[in-house]
Amino acid sequence: MKLFVSRGLVAPAIVALATLVAWAIAGTGWALAILAIGAAAAIAFHLYHLQLLSEWASGPLDGPVPVGRGSWAPTFGAIYRQVRTRAAYQRDLRHLIARFQQAAEAIPDGIVVLDKTNRIEWANPRALAQLGLDLAHDTSAPIVNLVRQPEFLRYLESGDYREPIVVVSGRDARMTLSLQLVPFSLDKKMLMSRDVTQLEELARMRRDFIANVSHELKTPLTVISGFVETMQDMELDTRQRERFLQLMLEQANNMQRLVADLLTLSTLESEHNVLIDERFAIVPLMLELSNEAKALSKGQHELSLDIGDAATVLGSRDELASAFGNLISNAIRYTPARGWIAIAWRVDTDGSGVFSVTDSGIGVAADHLPRLTERFYRVDRSRSRATGGTGLGLAIVKHVLLRHQAELEIKSEIGRGSTFAVRLPAPRVERAPPTGDPAHSEYQELTNSAAPRGTSS
Amino acid sequence: MTQDHTNKQFDVEMEGIRSGVLSMGGMVEKQLTRAIKALSQEEDADLLDAVGADEAAINQLQINIDQQCAQIIARRQPAAVDLRMVLTVSKIVNDLERIGDEVKKIAYKAAQTRGSDQLTRVRYYDVGRAAANALAMLQHALDAFARLDVERAASIIDEDEAIDAAFSAILRQLISYMMEDPRTITPALEIVFIAKSIERIGDHAKNIAEAVVQVVKGKDVRHSSAKQIRAEVAQP
């Protein structure tokens, strides 16, 4: 204020002084003329600045602030400082909002912000993907138009949002979502969505496992106790007794196999049981497996063995033998008589070892493939049990392979057959030195004699 | 409805019938998801009860929404796009109710054919997949209606052709089973009915998509070829 007054008084003071001097020297006429000119100049000066101010005020607020002179300088200066402070404040706010938005977008759960009439205001990318929304189309659309599950509608209308609800995603029937509404800032709501497919899957597998084990054990037990009751109640001749005892023995064997498989699985899973690596030659193992296959097939299938590269494998021989044997026995069980089964081993160019069993069997539909290694998962229950499967074979294979960092690759076509291939990682496979090694050439000879397809049937 | 009316209550009513259709659609989607489960899973004792109960709820919704439509026409005398919307809603509700009926049939037939082993694979795999396609198509049609997205609606009309093709493939497959083994005839016929229901669901979903084109473009595209409809949609 002081500055404004003092600067504002400089020009009038000069004019007044000039008028006084002129009056003293040249008389009243001159004095009046100088006074008039001074006043006109002062008015023009102020009008000019007023014009600048009004031009700035009618333009954008963050436009350049004009520079004033004289008494206007402090005024314009103050405006300039205000504008600059405000701009900086706004910039900070914008950054803050952007940071919040980035944080919201980075949250691993989906978030949809709903207004008071449950219309979509904003959503992070994960929510867009999980709920199949598209902000370009769906901003300010009612959420229930797009998330249409009746359970969600009921949840939204109930007003009780303490617990989340679990629904099957409307976009992908294999995805399970947990949805929860969180009211905030008076009349808005946040819809949090989380993909709980895996959790649900785990819970389902646990439930299924208990149910399956009980069921699998109950079936043979029922048969055995049924026979025991019959034998207690009825007089049987020797032949009948023999037959019943034989059937009971079969069922007892089934149970034994199942319990043995369960124990194998639990040993494989147990943390105390560390993998004991040993080096062993693959060729003798392949020959053993091939002989086992012959015995199991009883001459019903064409069997072939193809050993591409002799190699030494690092791993547990017993475990791998049981895994490979499981794959072979599956192929035999699921291939009708007169079909063929090809067992092969080769070392790939990248150094990984591939054991594969290809059959001309009934094949597996693509839908079943992801669940095939689940315990007791059966594509066709009646068939599996009729051929003496426990439903645990592939689960054991999976665990053995996990311990060896190996992968199971399944290719299959309904009615055409399947290929189950085990890929052992390169560090576990060592190519045997080429011919010259007497042991190796001996195996090679053996292999060749076993190789031509159909010789064994 | 993009532009607001001076009468706010009218807007609320229009929004109400649209949301009503979509919540009815949500129930039908859920029913179809259940029916697909019934096709693939071993047993679910409560399934048929649940399907029956929801079917009744869907029918009730149809009646309610139809009533609301009639009231809007009587009280508000809507014109142009609003009138088209009301008429279309009434049509879509009809299609949804019919889909609900077909789904009920599928669930019951699926329960009936459960015991037969020879055709399990056809049922699990081919029919199950066709049903999943029909469900996706219904979801897309309802999304197109929620967003009034004509391009999406036009693409649904192509999806129907895929379902029709799947239906004839299933039929051929079943015929070969029946010729091989006469014991499969009874379950195969049941599966034919299921497949036919799925094919009908595809048709109803297509009707919904056509209705969306009609609301937005004001042109009746029923009985037009997919090409004509695309041309119509492409016009500004």
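Author: Start with the contact itself. Chain A puts in 19 residues and chain B puts in 20 residues. On the side of chain A that touches chain B, three helices each supply at least two residues: helix 5 (135-138), helix 6 (143-146) and helix 7 (150-158). Helix 6 of chain A gives the most, with 3 residues. By class, this side of chain A divides into 10 nonpolar, 5 polar and 4 charged residues. Bear in mind that the model is predicted.

Helix 7 lies across strand 3 and strand 4 of chain A. Relative to strand 3 of chain A, helix 7 runs at about 155 degrees. Strand 3 and strand 4 (residues 176-184) of chain A are antiparallel, and 4 bridges join them. One position can be picked out there: Val168(A) stands opposite Thr176(A) in strand 4 of chain A.

In chain A, an open sheet of 5 strands has the order 2-1-5-4-3, and its pairing is antiparallel. Its edges are strand 2 (120-123) and strand 3 (165-168) of chain A, and each of these pairs on one side only.

Strand 7 (residues 302-307) of chain A runs parallel to strand 9 of chain A, with 6 bridges between them. In that pairing, Leu303(A) has Ile341(A) of strand 9 as its bridge partner. Strand 10 (residues 353-359) of chain A is antiparallel to strand 9 of chain A, and 7 bridges join the two. Here Ile343(A) has Val357(A) of strand 10 as its bridge partner. The hairpin of strand 9 and strand 10 of chain A has 5 residues between the strands. In this hairpin, Gly351(A) takes a positive phi near 90 degrees.

From the N terminus on, the elements read α-α-α-α-α-α-α. Of the 236 residues in chain B, 44% are buried. Among contacts in chain B with a separation of 6 or more, 80% are between residues 24 or more positions apart.

Two packed helices are described by the angle between their axes and the distance between the axes. For helix 3 (residues 80-112) and helix 6 (residues 185-217) of chain B, the axes come within 9 Å and cross at roughly 165 degrees. Angles over 145 degrees count as roughly antiparallel, so helix 3 of chain B is roughly antiparallel to helix 6 of chain B. The crossing of helix 3 of chain B with helix 6 of chain B is left-handed. By class, their contact has 12 nonpolar, 6 polar and 9 charged residues.

Definitions and conventions: Residues numbered from 1 in each chain as written. Chains lettered and ligands numbered in written order. Predicted model: local features only at pLDDT ≥ 70, side-chain atom pairs only at ≥ 80, totals over all residues. Pairing = 2+ DSSP bridges. Contact = placed C-beta atoms within 7 Å. Nonpolar A, V, L, I, M, F, W, Y, C, P; charged D, E, K, R; others polar. Axes fitted to C-alpha atoms, helices over the stretch in contact; angles between N-to-C directions. Parallel < 35°, antiparallel > 145°, perpendicular 65-115°, else oblique. Left-handed = near helix turned anticlockwise from the far one by under 90°. Buried ≥ 20, exposed ≤ 12 C-beta atoms within 10 Å, placed from the backbone.
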